[in-house]
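Colleague: I have a structure open and would like to learn how to read it. Could you take me through it, feature by feature?

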Number of protein chains: 2
Amino acid sequence: MTFETVSTNTAFGGVQGVYKHHSTATGTDMTFSVYVPPHAAGAKLPVVWYLSGLTCTHANVTEKGEFRRACSELGLIFVAPDTSPRGEGVPDDPDGAYDFGLGAGFYVNALVEPFAEHYRMRGYIESELPRLVAEHFPVDMERQGIMGHSMGGHGALTLSLRDPGKYKATSAFAPIVSPLNCPWGEKALGGYLGPDRETWAEYDACALIAAGARLPDLLVDQGEADNFLTDQLKTHLLVEACEAAGQKATIRMQPGYDHSYYFISTFMADHLEWHAARLKA
Amino acid sequence: MTFETVSTNTAFGGVQGVYKHHSTATGTDMTFSVYVPPHAAGAKLPVVWYLSGLTCTHANVTEKGEFRRACSELGLIFVAPDTSPRGEGVPDDPDGAYDFGLGAGFYVNALVEPFAEHYRMRGYIESELPRLVAEHFPVDMERQGIMGHSMGGHGALTLSLRDPGKYKATSAFAPIVSPLNCPWGEKALGGYLGPDRETWAEYDACALIAAGARLPDLLVDQGEADNFLTDQLKTHLLVEACEAAGQKATIRMQPGYDHSYYFISTFMADHLEWHAARLKA
């Protein structure tokens, strides 16, 4: 397995790195970032996976997420993958739209050509990247948490709900809670999976909860001034799904906050403390 | 005086805004950012000016500086101006180099044509922008601090040393401490001020200290892995100037840190706490 260091920078006593490798899951080169906080030699640290939203690469949260101070203080490794395959031969949205194709992998394994060959972000995040990270960084794979923003919040919730116990902590900023019930989700799941909505259900947090998937608890922050709240994110569907199923959840509506990294960075330390409490127990 | 709101985002309980106005100092439109933390109605808050380095606009520190958490906790307003005039008719480096012209105003009032018309960042930061900010934001102009990075560290040190008492706190990240003695400085001061090095001295922190300028104290952090340390920044010249003059100074060499915002963001909260202690007294 190839593995290349793109850059490293000292930050908050640890090392913020960017790395590249050839992915067998996507058949492309993939870039991701890892922050390793200061730690004792030989120590194995808990790891938090951060899945980004539409249009993002690893760089957005790495530059704007303000996670390093908290990770340094709490002793957490923070991994930020890309949001889609990229490069020569990777098909994009036919109209170049931001919400499908490049930057919009939706954390699925595509079933429909021409996307099925490369758009395999589910497998990449579930299996290949964790193996690679475990090989190269001092992570304790028994102590993994997962979080994400928007499309990445959808990714975090669905990856965790499909595999209860794998992630000891699950949280999201402004997640797409039900792709079955919003334009972004219908376009992405229809485009990657085809018209049979039966195949979509494993990529819908609300549907997974309704079908019986359970986590010990979950944390969601959602800005009330988020332009996408009404039409795309529909937080109330997650509130209702959790209430109907008895799924413990802390879902906080935050007055004044929008969909940006100004919102994410404000609540990042809260989320990391919440993860640390569950990963260090 | 024109004044236009470009954007506002809620962050850490306050408001991160970006604003634009027509500057009479530079004869151009200028963009700057202001973070106003949560505060009581009618309160006047201390303000910290942050001057950015070569190639930067207001956006770099606004996105990557990680200052909002500390400003929110400490009750500080944080203002980040641009680093040069920009727009139609503003002359740039003839070769398009990054270290002169656009993005490289060096916080001087230029004396040499074609730069003298627009390159008046000293007057802009000293007089015009403070008046505008005082008019539009809840700042207590008796409690101002100033900090900056690299070229902006040079700006912060020289603006403060030229006007002792105006700024109650002065700090810098990886400042250019002596433009008289480094290639960046010689190019900029020669280009903006002309060959008479007598006119340069008021733009050189070390020369100002040697000539008798004094501050109560100052704080500098400098990364030891900074690629520009040896040839451009020459921190030791500031250490020597302060020692020779009896100027109180805390100048910290930070092992492993480079010149990037990974370095700045690591020590930003430290600096803001240092400013707050002096601005709140």
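Modeller: Start with one contact. Glu66(A) forms a salt bridge with Arg68(B). The closest N and O atoms are 3.5 Å apart. Keep in mind that this is a predicted model.

Colleague: How many salt bridges are there between chain A and chain B?

Modeller: The count is 2.

Colleague: Which elements of chain A supply the side that touches chain B?

Modeller: β1 (4-11), α1 (58-64), α2 (68-74) and α9 (261-279) each supply at least two residues. The most comes from α9(A), with 5 residues. By type, that side of chain A divides into 6 nonpolar, 9 polar and 6 charged residues.

Colleague: Now the size. How do I express that?

Modeller: The size of an interface is often given as the accessible area lost when the parts come together. Here chain A and chain B bury about 2000 Å² between them. Carbon and sulfur atoms account for 48% of that area.

Colleague: Which three residues of chain A supply more of its buried area than any other three?

Modeller: Thr10(A), Glu66(A) and Tyr262(A). Together they supply 34% of the area that chain A buries against chain B. Glu66(A) is also the salt-bridge partner of Arg68(B).

Colleague: And in residues, how many of each chain are in contact?

Modeller: 21 residues of chain A are in contact with 21 residues of chain B.

Colleague: What rotation superposes chain A on chain B?

Modeller: A rotation of 180°, with 0.0 Å of shift along its axis. The RMSD is 0.0 Å. That is the relation of a two-fold axis. To find the axis on screen, look for Lys64(A). Of the residues of chain A, its C-alpha comes closest to the axis, at 2.8 Å.

Colleague: Why do we say the copies meet through the same surface?

Modeller: Compare the residue sets. 100% of the interface residues of chain A are also interface residues in chain B, so the copies meet through the same surface.

Colleague: Let's look within a chain. Is Asp217(A) buried or exposed?

Modeller: Compare its relative accessibility with the cut-off. Buried means under 20%. Asp217(A) has 10% relative accessibility, so the residue counts as buried. Its place is in the loop between α6 (205-210) and β8 (219-223) of chain A.

Colleague: What does the side chain of Asp217(A) make a polar contact with?

Modeller: The side chain of Arg278(A), at 3.0 Å. Leaving out residues up to four places away in sequence, Asp217(A) also touches others, including Trp274(A), Lys248(A) and Thr170(A).

Colleague: And where does Pro37(B) lie?

Modeller: In the loop between β3 (29-36) and β4 (45-51) of chain B. Pro37(B) counts as buried, at 2% relative accessibility. Not counting residues up to four places away in sequence, Pro37(B) touches several others, among them Gly14(B), Cys71(B) and Ile77(B).

Colleague: One helix to finish. Which residues of α5 in chain A are buried?

Modeller: Helix α5 covers residues 183-193. Its buried residues are Trp184(A), Gly185(A), Ala188(A), Leu189(A), Gly191(A), Tyr192(A) and Leu193(A). What covers them includes α7 (229-233) of chain A.

Definitions and conventions. Residues are numbered from 1 along each chain as its sequence is written. Chains are lettered from A and ligands numbered from 1 in the order in which they are written. This is a predicted model: local features need pLDDT of at least 70, side-chain atom pairs count only at pLDDT 80 or more; totals for chains, interfaces and linings use all residues. Side-chain values use heavy atoms; hydrogens and water are left out. Contact means heavy atoms within 4.5 Å. Buried area is the accessible area (1.4 Å probe) that two parts lose on being put together, summed over both. A salt bridge is a side-chain nitrogen of Lys or Arg within 4 Å of a carboxyl oxygen of Asp or Glu. Helices (H or I, at least four residues) and strands (E, at least two) are DSSP runs, numbered from the N terminus. Ala, Val, Leu, Ile, Met, Phe, Trp, Tyr, Cys and Pro count as nonpolar, Asp, Glu, Lys and Arg as charged, and the others, Gly among them, as polar. Copies are superposed by least squares on the C-alpha atoms of residues with pLDDT of at least 70 in both. Buried means under 20% relative accessible area, exposed over 50%, partly exposed in between (1.4 Å probe, protein chains only). A polar contact is a pair of N or O atoms within 3.5 Å; within protein, one must be able to donate a hydrogen and the other to accept it, and residues adjacent in sequence count only if both atoms are side-chain atoms.
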